[in-house]
Amino acid sequence: MAFFDEFSQKAKAFANVATEKTKEAVDTAKLTAAIIAEQRELDKSCRAIGEWFTTAYEGEIPDEVADLVASVKASREKIAELQETRRKAGGDNGVERACPLCGTMSGGKFCPQCGAPMGD
């Protein structure tokens with residue numbers, strides 16, 4: 001009987017270690033998910049700041065970001081030209097909607113800014 005008692009104690013110890021490792025893995029997974037969610041919120045906030053800065057900022061643009069702001073403005077102008085060309089070619093139904101996620105105006109099925117579905 002001593003063999004079974006010793007075996008039983010070792011099995012309990014092993015089960016306790018396995019339970020603890022599983023709990024640690026679950027806790028790590030929860031922390032990882034929380035980090036990813038917070039990173040998404042940070043990215044969304046930074047994107048909103050960038051959108052505001054490149055569209056509404058009226059002060060002198062700092063030299064550190066002047067090239068980036070110029071690039072954004074050039075891209076917006078190019079997009080407007082391409083949308084106008086598409087509209088004239090009949091490939092655009094002319095109905096633009098605001099993206100439910102980021103607010104970007106688009107006539108497509110998906111937001112060109114964040115990729116979210118534009119809805120029906």
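**Ground rules.** I worked on a predicted model, in which local features need pLDDT of at least 70 and side-chain atom pairs count only at pLDDT 80 or more, while totals for chains, interfaces and linings use all residues. I number residues from 1 along each chain as its sequence is written, and side-chain values use heavy atoms, with hydrogens and water left out.

**Cysteines.** I searched the whole structure for disulfides (pairs of cysteine sulfur atoms within 2.5 Å) and found zero. The sulfur of cysteine 99 has its closest cysteine sulfur in cysteine 114, at 3.7 Å, which is too far for a bond. I then looked up burial, where buried means under 20% relative accessible area, exposed over 50%, and partly exposed in between (1.4 Å probe, protein chains only). Cysteine 99 counts as buried because its relative accessibility is 4%, whereas cysteine 114, at 28%, counts as partly exposed.

**Largest pocket.** I took a pocket as an open set of points on a 1 Å grid over the protein atoms alone, where a 1.4 Å probe fits, with protein on both sides within 12 Å along at least five of seven lines; lining residues have an atom within 4 Å of a point. The largest pocket has a volume of about 480 Å³, the volume being the space filled by probe spheres set on the points, which are joined across faces, edges and corners. I noted 18 lining residues, of which Glu51, Arg76, Ile79, Thr104 and Gln113 lie nearest the centre. Helix H1 (2-56), helix H2 (63-88) and strand E2 (105-106) are the elements that give two or more residues to this lining; helices (H or I, at least four residues) and strands (E, at least two) are DSSP runs numbered from the N terminus. The largest share, seven residues, comes from H2.

**Strand E2.** I next looked at serine 106, which is found in strand E2 and is buried, with a relative accessible area of 6%. A polar atom of the serine 106 side chain lies 3.1 Å from the backbone nitrogen of glycine 108. Leaving aside residues up to four places away in sequence, I recorded that serine 106 touches (heavy atoms within 4.5 Å) Val95, Glu96, Arg97, Pro112 and Met118. Methionine 105 is also placed in strand E2, but counts as partly exposed at 43% relative accessibility. Methionine 105 and methionine 118 are 13 residues apart in sequence, and their C-alpha atoms are 9.4 Å apart in space.

Notes: A polar contact is a pair of N or O atoms within 3.5 Å; within protein, one must be able to donate a hydrogen and the other to accept it, and residues adjacent in sequence count only if both atoms are side-chain atoms.
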